[in-house]
Amino acid sequence: METERLKKKILETRSVNIEKMLACCDEVYPIAEKTDNYELIGFLYFYKGEAYYIHNQIKPMFECMTKAIPYLIKTEQWELLSRAYNIMAITAINRGNAPVAVDYYLTSLECARKHDMRLDECRVHINLGY
């Protein structure tokens, strides 16, 4: 399937070079948009957001994650959704905004529990403990 091939392409470039992965996402986006491939759009926005998070580029990270969320929900990509909220929570707490961080953590935790994702649930509990 084309979606899986494009996802694989994004993930392969992610492990090699983040800049290449961002360029790959930008290359794939018009294809996904033209075909209304919401699964792929959510996927690429998440991974772009993750790349910006790694580079400590807060504004573009939040922009990508907030764009990813509706697509991740619509296409039931629960693990990425939980991870998106967790990343936003980590960023919020590091910037001194504990109330917003707690909201993000609780949303991530709710998603993990609802969809029986124990590893994600553990991650959130660990982060909440810190």
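Visitor: Which residues form one aromatic cluster?

Guide: This is a predicted model, where local features need pLDDT of at least 70, side-chain atom pairs count only at pLDDT 80 or more, and totals for chains, interfaces and linings use all residues. Residues are numbered from 1 along each chain as its sequence is written, and side-chain values use heavy atoms, without hydrogens and water. Rings of Phe, Tyr and Trp (its six-membered ring) pair if their centres lie within 6.5 Å; planes under 30 degrees apart are stacked, over 60 edge-to-face, and the rest tilted. The cluster is made of Tyr29, Tyr38, Tyr45 and Tyr71.

Visitor: How many residues apart are phenylalanine 62 and tyrosine 104?

Guide: The whole structure holds seven aromatic pairs. Phenylalanine 62 and tyrosine 104 form a tilted pair, 6.3 Å centre to centre with 35 degrees between the planes. This pair links distant parts of the chain, helix H4 (residues 58–74) and helix H6 (residues 98–114), and its partners are 42 residues apart.

Visitor: What pattern does the chain follow along the sequence?

Guide: Helices (H or I, at least four residues) and strands (E, at least two) are DSSP runs, numbered from the N terminus. The chain has seven helices and zero strands. Its pattern is therefore α-α-α-α-α-α-α.

Visitor: Is valine 102 buried, exposed or partly exposed?

Guide: Valine 102 lies in helix H6. Buried means under 20% relative accessible area, exposed over 50%, and partly exposed in between (1.4 Å probe, protein chains only). With a relative accessible area of 36%, valine 102 is therefore partly exposed.
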